[in-house]
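Have the viewer open as you read.

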Amino acid sequence: MRDIRYITFIFYLIIPNLFAQEIKLPSNPLAGQIVFEVKKCIECHAISGFGGNIGPDLSRKYYYGSFLELASIIWNHIPQMDRKYRLLKVERPNFTEEEMLNLIGFIYYLRYLGEPGSVSEGKKLLETKGCLNCHQIKGQGKKVGPDFKKIAEYTSPIYMVQAMWNHGPIMQERIKKMGMKYPTLSGKDIVNITVYLRQFTGGNTAIRMSAGNPVNGKILFKEKKCINCHSPKSETSNVGVKLTGIDLKKSVVEIAGLMWNHSPLMLEYMKVKSISWPSFTKNEMADIIAYLYFLGFEDEPGDPIKGESIFEQKGCIRCHESGGKGEAPDLTVMKKFGSPIRMIQLMWNHAPKMEDLILSLNEEWPRLTKTEMQDIYAYLKKVTINK
Amino acid sequence: MEISRRDFIKLVGGVSGAIAAGSYGLNQIIDIPEKLVEKLKNGHRIESWKSTICGLCPGGCGIRVRLINDVPVGLKGNQYYPINQGGMCPTGHAALQQLYNPDRVKGPLKRIGLQKSGKWKSISWDDALSTISKKLIELRKDGKSHQTVFLGYDEHGLMKEHISRFMKAYGSPNYFQTSHAQNNSIPFIFTQGHGLRPTYDILNTKLILSFGANFLEEGFSPIYYTKLFSHFKEAAKEREAKFIYIDSRMSLSGANADRWIPIMPGTFGALALGIAFVLIREELFDKEFIKNHSFGFEDWKDNSGNKHLGFKNLVLSDYYPEKVSSITNVPSKTILEIARDLGNIRPSLVLGDQGAVNNTNGTYTQMAIHSLNALLGNFEKEGGLYFIDKPSYDKFPPVKEDSIAKIGNQRIPVSKLTDGFSPIFDFSFEIFTKNILSDQPYPIEVLFIKGNPLFQSLYQHELAEAIKKIPLVISFDSFINETNEYANYILPDHTFLEKWDESSNIPTVGFNHFGIQQPVVEPLFDTRHTGDVLIDIAKRINGTVALAFPFESYKDEIHNVVENIYKSGEGAIASEGVEGVWLEYLQQRGWQIGRYASLDEFWNLLLEKGGWWNPIKKKKLSSEIFKTPSGKFEFYSQILKDKLDSLNKNAEKNKSTKETESLLVKLNFSAKGDTIFLPHHENVLYEDNFPLILITYQLLTNRNGESSNLPLMQEMFGYTMRQYWDSWVEINPVIAAEKGITDGNWVWIESSVGTIKARAKLFPGIIPSAVGIPFGLGHTSYGRYAKGFGVNPTSIIKNHYDLISGLPALHATKVKISLAT
């Protein structure tokens, strides 16, 4: 008996490693927008004002959290949502595993996409950041750097940061020579500057980037050797700040701003070590930032012991009784919990039956926090493997 | 499994075949090449779908074609394509009957008998193109390249540019399009400074006032507007929106209106101005717009200090309701009601087209109607009207002209009068025909022709004589028709299901779009794409003519355009979940929606989904909306004044002593002074003493007569009147009773041009002083399903044109009717 306990303990210790990379990085997180529309989520939830107003607008600068945190938000408001479906006579959608991943990935991604800018703020920033000490616009400013009018057609703010990044070493040198303060970027600075500059473009040309592809970004992160200094996970890194120590729950331009702001330090270090400056083309910067942004998507491994206890406390076990004696199937024999996505998909799809049962028994809907979700998943995963 | 030809016919005919079979028997409906039957016999019954764009009308609907063993057997609307969103008109459903039509020209033909003799022989493409190229090379050598004419029909987008490039590089200024739709932008040029047709925000308006605009049936894209209108009707229940339709005849749009207001033909402009009178008198107009964005509303002084009449005082003095009522037969009370509704229910929207503008005074009428939108301040406003941005992608580099082409292109086009005075419009059959018959300004040696003007136009007899006179006539049509019976060669194009093409930015559609037409089946016969034929001829001519076509094929040209769209980063492939609002969300943040890894991926996705679109409207400054000399909406058209002044100067250059007044008389203007340049009502001059005005109109089932060879369309031709395979004449029951005519009687309809016979249809939806005959039937050629069915009303219409735009005045002929015994 003692041996068995020991083995179980060891198993619990190693099991977190089995969860690594359980959620595949999406190559097109926008694919979930199709699910969002086709499944009619948009009829109740708007995205920045586009859509219904029955549920909350999903894009108000809010970072919802990891996959299971988002899943817990959805889970907890299922009864409210189902009441609306019945009231509005809208068919409740079911999801496939892929649809569930795409939908949650899409909602997660919204923060990355950013917000529109303000022309008046952009004008102010251009003047206060000292941009016109080197660049010209509307005949104002100096001709040290390129005329802003030439780059006004680059409509994506991230293009602007990418261009700045690529000529960062030259720019930093000139800034030093001119005795200027290094211009840092925060919040929506670069978005505001871009929309202001956009006013000066002629014709209809507008060059845009595609929203970032985290899969490409991961590859680029290695290829551009970012990984040599910055570890994406908790392992120790040689030089740079660990990425886990940086708040990356921000929009693409905010993260780009962080990169830009740390570039003088980085340049100094690279000079010492004779490392060449990494430059970006096409969509590369957007992709790398999408990768960084998605580092927070996958959840930390949960605790299966706690999960078992939550499974009991929340009353799941009352229906999903071991040996199939309860109202609902015995989850331990289902062998369906290969990924958290699968678990959430099953939970969503079976919710109406569960709701009816709970209502009949005069019980409360079992609300779950992110951590509880993580723990339950760890527990179900464990029992599935055990079986 | 053994499949007989009969089985296959059943399969592809489906519903359509079954309907038509009722009249003609299965084997007559379609003619299937044996190789396709074999494919079905030996295949594994694999079903697949391909996207393309319907080519049976210019509406540009996306369709999905169903194939069994790669053989087209059915089709439906493409639900993702933003124009039709899965919808389709009846004509589209008959597309397979065009593909499998037994009367198709199956390879190049050379006429061996007299014109109209119907005697042809098959020749090879090489022989045909070699002969034609030799003639064209010879003409260029002799400095006569300008003696070549390309008479197109309704080409738009890339095909229009392709032909223009050919003609420009070759050295001829004589490329004209005969479709009416191509020439109706003139009133918009006069008031807006550009000819872009606005798109009407029917979705968000609360009142639609239509002056004869039969947008559900005769507009540029009826299915697009049907979709919009259905949403309007749905929303109308909640917001008490309404649709008022003014026309002499209750069309399909009229029948769907909340109120139909009958009016005398040719008086719509007077009614619009009567409504303007009430809006001005009761101060129901947008004062801010009028003050800041319009020109010529108030009386004004020019730089020399001369005082000019403004729109307001013209309207207030000449268009009070009682007077307008006497012109239009619309009661004063009704005029007040409409105007007050229009002014008080906002946003409200005004449209004008077909019934209102198909007359000698059409340009002024459209100017008057459009002025109402200006009074309401409707430009670039929700529930009003918008202009779609020019696409950001380029198509081709400019054409290089050699010295021969330069000289040729500078010659006066054959469509212009040669007496030093040329009207404002670019093309009219009358001038074109007279010039060719009199070798003015030079004889024509070669005529390329697309379409069937000898069926569709007025002035048919004279035009036939003119075509007869041209030594070399080449037609590109897929069927033998009234016009190409006079041709020397027929170089048959593919049908649209067999060919590459594109359909982009259909006028009045509310967003930038690019639909791709791809072959869903290999060409069934020895036909060739007209675009490729022109490239082939250009290569044979060589030099700068060949250089004008840097691509090997028309398909490559399309691919080049697609590449430019891809590079632009704008818009998105039309697919599920790609709603306009989402595109806007992303574009506001500087993103493009599509994540296309490569051009190949973009191209493949485009083929799969059928099209690309960009619904984002760029916010425009007033100077971008109006390109007039004042940069504003011009009630007083300075462009029209400049045009007339320049015509007068031309006359002086040729030592003419004509003054402006006599010039205007020549254009048949009755107005004098400043009124000429303002929207006003010109009386229609009926030359005959007959009692009834003849109205013609198009039906959704056969808009321009080209669907007459589709049996399903014959079977459905007059579905609203329950009249099939035949024409009819609509007569108001009051007049019918006076004449002793009952429903279904044979009736003679006689004008000073000719007489036709049709069955009477007693119809209270037509005013007592008019009779209506649908256009589309009455072919004397065009295959077994078209020839000999019904009558062609244009054959008895007098050769009248809009005084300014040159468009045919289809409602300016009077007729009498009598019971045929």
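Predicted model: local features only at pLDDT ≥ 70, side-chain atom pairs only at ≥ 80, totals over all residues.

Q: How do I read burial for chain A, and what percentage of its residues count as buried?

A: Burial is judged by counting neighbours: a residue is buried if 20 or more other C-beta atoms lie within 10 Å of its own. Chain A has 387 residues, and 35% of them count as buried.

Q: Into which domains is chain A divided?

A: A domain can be built from separate stretches of the chain, and here both are. Domain 1 of chain A takes in 18–113 and 300–386, while domain 2 takes in 119–212 and 240–296. Their centres, taken over C-alpha atoms, are 38 Å apart.

Q: How many residues of these two domains are in contact?

A: Seven residues of domain 1 of chain A contact eight residues of domain 2 of chain A. The domain 1 side of this contact holds five nonpolar residues, one polar and one charged.

Q: How do I read a pair of helices, and at what angle do α12 and α14 of chain A cross?

A: Look at the two axes. Helix α12 of chain A covers residues 252–261, and helix α14 of chain A covers residues 284–293. Their axes come within 10 Å and cross at roughly 100°. Angles of 65 to 115 degrees count as roughly perpendicular, so α12(A) is roughly perpendicular to α14(A).

Q: Which residues make that contact?

A: From α12(A) come Val252(A), Ile255(A) and Ala256(A). From α14(A) come Met285(A), Ala286(A), Ile289(A), Leu292(A) and Tyr293(A). By class, the contact has eight nonpolar residues, no polar and no charged ones.

Q: Now chain B. Into which domains is it divided?

A: Chain B has domain 1 (5–99), domain 2 (187–384 + 658–677) and domain 3 (692–819). Between the centres of domain 1 and domain 2 of chain B there are 42 Å, taken over C-alpha atoms. Ten residues of domain 1 of chain B are in contact with seven of domain 2. On the domain 1 side, five are nonpolar, five are polar and none is charged.

Q: Why can a helix have residues that point the same way?

A: An α-helix has 3.6 residues a turn, so residues three or four places apart point the same way. Now try helix α13 of chain B, residues 311–318. Its buried residues are Phe311(B), Lys312(B), Leu314(B) and Val315(B). Viewed down the axis of α13(B), they fall within an arc of 165°, so they line one face of the helix.

Q: Which helices do the buried residues of α13(B) pack against?

A: They pack against α11 (268–281) and α17 (362–375) of chain B.

Q: Is Glu485(B) buried or exposed?

A: Count its neighbours again. Glu485(B) is buried, because 21 other C-beta atoms lie within 10 Å. Glu485(B) sits in the loop between β18 (472–475) and β19 (489–490) of chain B.

Q: Which residues does Glu485(B) touch?

A: Leave out residues up to four places away in sequence. Glu485(B) then touches Gln115(B), Lys116(B), Ile480(B) and Ser781(B). Ser781(B) is 296 residues away along the chain, yet the two C-alpha atoms are separated by 8.4 Å.

Q: How do I read a cis peptide bond, and where is Pro347(B)?

A: Look at omega. For the bond from Arg346(B) to Pro347(B), omega is near -5°, and the bond is cis. Pro347(B) lies in the loop between α15 (332–344) and β15 (348–352) of chain B. The bond from Gln440(B) to Pro441(B) is also cis, with omega near -10°. Pro441(B) lies in the loop between α19 (429–437) and β17 (446–449) of chain B.

Q: What is phi of Asn69(B)?

A: Phi of Asn69(B) is near 50°, a positive value in a residue other than glycine. Asn69(B) is in the loop between β2 (62–68) and β3 (71–77) of chain B. Asn69(B) is partly exposed, with 18 other C-beta atoms within 10 Å.

Q: Is Asn542(B) buried or exposed?

A: Asn542(B) is exposed, as 11 other C-beta atoms lie within 10 Å. Asn542(B) has a positive phi of about 70°, although not a glycine. Its place is the loop between α22 (530–541) and α23 (543–547) of chain B.

Note on methods: Residues numbered from 1 in each chain as written. Chains lettered and ligands numbered in written order. Domains from an automatic or database assignment. Nonpolar A, V, L, I, M, F, W, Y, C, P; charged D, E, K, R; others polar. Axes fitted to C-alpha atoms, helices over the stretch in contact; angles between N-to-C directions. Helix = DSSP H or I, 4+ residues; strand = E, 2+ residues; numbered from the N terminus. Parallel < 35°, antiparallel > 145°, perpendicular 65-115°, else oblique. Buried ≥ 20, exposed ≤ 12 C-beta atoms within 10 Å, placed from the backbone. Arc of directions from axis to C-beta.
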